[in-house]
Amino acid sequence: MSVVKINVLTVPAEQRETLEKRFASRAHAVESSDGFEWFELLRPVEGTENYLVYTRWRDEGSFQAWMEGPMKAAHQGGGEEGGKKPKPAASGSTLWSFEVVQQAEPKNA
């Protein structure tokens, strides 16, 4: 079964728009990666500053290949601020890892 990676990003209120714009500007960057299955950026509604970046992968190897290739390259290059790497929008990050052991989809009516 698939593996799920959830990156928990602590984002101060004044950086939310910046974070969301950065993700939007990279839209579809992960979709062509081998083994990629799903992505969601989840904005907190109340009670936390934590955004959740949810990705699902065919297996751990697919995730690691993306981390060492496309993701690493995207985070090392120059940015929108005069060619310099922009300051991170998040003040902290934690990666959670899960294996999918059960899943369900809607039944057709």
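Visitor: OK. What kind of model is it, and how are things counted?

Guide: It's a predicted model, where local features need pLDDT of at least 70 and side-chain atom pairs count only at pLDDT 80 or more, while totals for chains, interfaces and linings use all residues. Residues are numbered from 1 along each chain as its sequence is written, and side-chain values use heavy atoms, with hydrogens and water left out.

Visitor: And what does the protein average in pLDDT?

Guide: The average is 88, and 89% of the residues score at least 70. pLDDT is the predictor's confidence in each residue, from 0 to 100. Where it is low, the predicted coordinates should not be read in detail.

Visitor: How many helices and strands does the protein have?

Guide: Two helices and four strands. Starting at the N terminus, the order is β-α-β-β-α-β.

Visitor: Which element has the lowest mean pLDDT?

Guide: That's helix H2, residues 60-76, at 83, whereas E1 has the highest mean, 97.

Visitor: Let's do the sheet. What order do its strands have?

Guide: The sheet is open and goes E2-E3-E1-E4, with antiparallel pairing. Two strands pair if DSSP finds at least two bridges between them. E2 (36-42) and E4 (92-99) are the edge strands, each pairing on one side only.

Visitor: How many bridges join E1 to E4?

Guide: Eight, with E1 covering residues 3-10. E2 and E3 pair over six bridges, and leucine 52 in E3 is the bridge partner of leucine 42.

Visitor: Where does helix H1 lie?

Guide: H1 (residues 16-25) lies across E1, E2 and E3 (50-57), and runs at about 20 degrees to E3. For angles like that, axes are lines fitted to C-alpha atoms, for helices over the stretch in contact, and the angle runs from 0 to 180 degrees between N-to-C directions.

Visitor: Switching topic: how many aromatic pairs does the structure hold?

Guide: Five. Rings of Phe, Tyr and Trp (its six-membered ring) pair if their centres lie within 6.5 Å; planes under 30 degrees apart are stacked, over 60 edge-to-face, and the rest tilted.

Visitor: Why is the pair of phenylalanine 23 and phenylalanine 39 stacked?

Guide: Because their planes are at 20 degrees, with the ring centres 6.1 Å apart. Phenylalanine 23 is in helix H1 and phenylalanine 39 in strand E2, 16 residues apart. Tryptophan 57 and phenylalanine 63, on the other hand, form an edge-to-face pair, 5.9 Å centre to centre with 65 degrees between the planes.

Visitor: Tryptophan 57, buried or exposed?

Guide: Buried, at a relative accessible area of 0%. Buried means under 20%, exposed over 50%, and partly exposed in between (1.4 Å probe, protein chains only). Phenylalanine 63 is buried too, at 3%, while phenylalanine 23 is partly exposed at 26%.

Visitor: Which residues make up the largest nonpolar core?

Guide: Seven of them: Val3, Val30, Phe36, Trp57, Phe63, Trp66 and Met71. H2 gives the most, three residues. By nonpolar core I mean a set of buried Ala, Val, Leu, Ile, Met, Phe, Trp, Tyr and Cys residues joined through side-chain atoms within 4.5 Å. There's a second, separate core of six residues, including Leu9, Leu19, Val53 and Ala89.

Visitor: And serine 33, what is it in contact with?

Guide: Leaving aside neighbours within four places in sequence, serine 33 is in contact with Trp57, Trp66 and Pro70. Serine 33 sits in the loop between H1 and E2, and counts as buried at 14%.

Methods
Contact means heavy atoms within 4.5 Å.
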